Amino acid sequence: MRSSVILAVILNCVLLFSGNIIYNPGCESALVSDNIPLWTEELGTAWSQRTTNPVAYEGEAYFFAGTDALDKLTQTIDVREYATEIDAGIQEFLFTGRVRSYDQAPVDQTQIEVEYWDNAQTTKLDFFDSGLKNNTAGWDLVSDQRYAPAGTRYIKIRLTSVRNSGTNNDGYFDDLKLEAIPRPEIVPMELPLSFRLVSSTFNSIDVGDEAVPAFTDVDGDGRLDLMIGRSDGYIRYLTQHAVNSTVFDWIGYYTGYIIGTNASPAFTDLDGDGLNDILVGKSSGWVAYLEQSEVNSTECTFITSSFNSIDVENESAPAFTDFDGDGLIDMLICGGTDYVQHYEQSSHNSTSMILRSSSFNSIYIPSNCTPTFTDLEGDGLIDLLIGDFDGNIRHYEQSAINSTGFSAITHNFNSIDVGDRAAPAFADFDGDGLLDMLVGAYDGTIEHYEQKGTALYDFGSVKTGESSQLSYFLRANDLKADLSINCPEGYKASITSGSGFVKNLSVSPVNGRISRTIYVNFEPATLGVISGNIVHTSQEAILKNVAVSGIGLPLEIPLNITTEVVGTDLIISWDAVTGATSYKIYSSTDPYGTFTENAITVTNSWTTEYIEPKRFYYVVTVNGGK
């Protein structure tokens with residue numbers, strides 16, 4: 001199956017993919033035997049790259065049809081990994097691309113088609129057709145977003161260029177993207193946010209010493225591949241036993257190259273060609289650079305032992321993300337300089353990096369350290385986790401979305417201590433929306449932690465008319481509509497601790513995201529055990545429950561009842577009872593007979609006419625009519 005190349009960043013509980021599931025989407029990859037890699041010439045034989053006149057919309061190159069009168073270029077994309085969502089009618093795909101023509105008359109024309117095919121690729125289930133376009137002034141945007149019809153297993157992209165004059169077929173295409181719109185996800189989590197230790201010896205892995213884990217999916221089968229750097233320079237290769245499994249099977253050694261001692265691997269796609277770029281830190285302080293040999297291949301090609309001539313003196317360890325959302329990949333690298341260094345791509349799809357800071361946010365960590373990225377709270381702010389030589393993990397958080405500023409949160413994240421040289425990496429093994437964290441250690445073992453979800457929230461015993469409050473953290477991503485929080489009887493929710501409590505709460509996402517504390521009040525109106533689920537729902541999201549339970553106790557009885565005759569009035573008074581909304585007064589001439597309700601009052605006294613010298617009264621506390 002097709003899977004995007006994975007950056008070394010994990011956001012919103014899922015691996016942050018490049019997003020685009022088109023290979024070589026801007027024709028940036030070098031031609032192979034005069035052919036455009038990963039694309040098929042359906043009509044015409046001269047498809048090629050072009051870089052000037054006009055300049056590319058993005059990157060350095062774009063698709064050029066060549067010289068034939070009518071040319072068609074296609075790529076068929078395997079989307080079987082989305083089959084469950086597709087067949088449920090909830091998987092959308094977004095296509096965007098740029099087209100342009102050369103300024104001449106009559107103008108050559110471009111056309112883009114996106115076709116949805118069944119598993120046998122014999123039935124076209126749906127399609128998008130841009131129609132013929134002939135803009136010469138700039139790069140036109142072509143876009144389409146739709147739900148894939150049930151049964152879709154492949155999507156075919158077709159580029160068509162029509163020559164209307166001259167000898168060249170001057171229809172151009174660039175920056176093609178096909179993205180599977182993520183399914184909305186709702187994840188309730190325990191407060192305070194933390195990780196629980198699942199295993200101190202994950203999958204019984206012991207690589208000898210200096211275990212540095214990293215995740216990718218080299219063969220595009222939808223299963224995570226776990227790569228573990230070792231002190232001898234080899235990278236150990238394991239793959240997930242099945243999708244959503246926490247079991248990983250030993251495959252062998254990845255790359256087949258001895259990178260250099262103390263290998264610290266990281267994965268990205270620098271040049272946007274759909275092939276994994278493997279950057280490996282090592283004890284020399286340099287960074288080795290390898291690239292996947294071909295799409296979904298487990299083989300790779302050695303490029304250089306000194307990527308961009310970067311030298312951090314010793315023990316280099318790179319990590320990749322995009323801090324400012326400009327599409328240029330940022331690299332942080334730890335090493336013997338003790339300060340974390342920041343590099344950024346010089347241009348889109350470039351393998352050239354520019355030093356932006358030799359002391360990123362003044363982060364100083366003596367001796368060996370290993371950085372990685374995630375988003376712990378799903379708030380869109382990148383969390384930087386750096387394992388240090390003492391076996392602890394340091395946590396920094398981005399100051400604002402798209403900022404390169406980071407603030408220190410703690411130097412002892414989750415109180416984790418693996419002994420020496422902690423090396424963290426994040427993924428979501430079982431697809432439950434809760435991040436799994438692996439922490440490699442100097443002794444070659446790996447510890448497994450997972451974010452804490454919500455268990456049963458027990459409010460204990462609460463008197464009717466009173467309330468008790470608990471809270472949990474709610475993370476939701478990629479929402480298409482408001483999120484509904486529906487409480488069972490006796491419970492109310494709010495986004496603030498002091499007000500706004502309702503049985504059915506609606507929370508609006510910001511940019512499809514919710515990341516906040518939810519407060520719950522238990523307000524029993526009946527006696528006994530009151531339990532149920534707080535249900536979280538939103539359009540196309542899997543509903544999530546938070547179990548709650550509490551016991552409703554009766555109100556206290558009124559105490560210190562007194563009577564006083566004032567003239568012709570009888571005044572009965574008592575101590576006010578917390579939680580009481582009113583009081584009922586009953587009377588009888590016989591203390592063992594039948595008592596009749598006389599009145600209801602909201603105050604803790606009642607006045608009646610004094611007409612009988614002998615009469616018995618009692619007072620009952622009331623809450624909400626009960």
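Reader: How many aromatic pairs does the structure hold?

Author: The model is a predicted one, and the pairs are found from the distance between ring centres, which must lie within 6.5 Å. On that basis, the number of aromatic pairs in the structure is 28.

Reader: What geometry do Y62 and W139 form as an aromatic pair?

Author: Y62 belongs to strand β5, whereas W139 lies in the loop between β9 (124-129) and β10 (140-147), so that the pair links parts of the chain 77 residues apart. Both Y62 and W139 are buried. Their ring centres are 5.3 Å apart with 75 degrees between the planes, and since planes over 60 degrees apart fall in that class, the pair counts as edge-to-face.

Reader: How many residues apart in sequence are the parts that the pair of F195 and F413 ties together?

Author: F195 and F413 form an edge-to-face pair, 5.7 Å centre to centre and with 65 degrees between the planes. F195 counts as buried at 5% relative accessibility, and F413 counts as buried at 9%. Because F195 lies in strand β14 (residues 195-199) and F413 in the loop between β30 (406-410) and β31 (423-427), the pair ties together parts whose separation in sequence is 218 residues.

Reader: Which element gives the largest share of the largest nonpolar core?

Author: This core has 29 residues, and among those that touch the most other members are W39, F95, I157 and L178. The elements giving two or more residues include β5 (62-66), β11 (154-162) and β12 (169-180). The largest share, 4 residues, comes from β12.

Reader: Which strands stand at the edges of the open sheet of 4 strands, and why is one side of each left without a neighbour?

Author: The strands follow the order β13-β35-β39-β37, with antiparallel pairing, and the twist averages 30 degrees from one strand to the next. Within the sheet, 9 bridges join β35 (residues 468-477) to β39 (residues 514-522), and L474 stands opposite R516 in β39. Each edge strand has a single partner strand, so one of its sides is left without a neighbour in the sheet, and these edge strands are β13 (185-189) and β37 (491-494).

Reader: Is V32 buried or exposed?

Author: V32 lies in the loop between β2 (14-17) and β3 (40-43). Its relative accessibility is 51%, and because the cut-off is over 50%, V32 counts as exposed.

Technical notes. Residues numbered from 1 in each chain as written. Predicted model: local features only at pLDDT ≥ 70, side-chain atom pairs only at ≥ 80, totals over all residues. Heavy atoms only, no water. Core = buried A, V, L, I, M, F, W, Y, C linked by side-chain atoms within 4.5 Å. Buried < 20%, exposed > 50% of the residue type's maximum accessible area, 1.4 Å probe, protein only. Pairing = 2+ DSSP bridges. Axes fitted to C-alpha atoms, helices over the stretch in contact; angles between N-to-C directions. Phe/Tyr/Trp six-rings, centres within 6.5 Å; stacked < 30°, edge-to-face > 60°.
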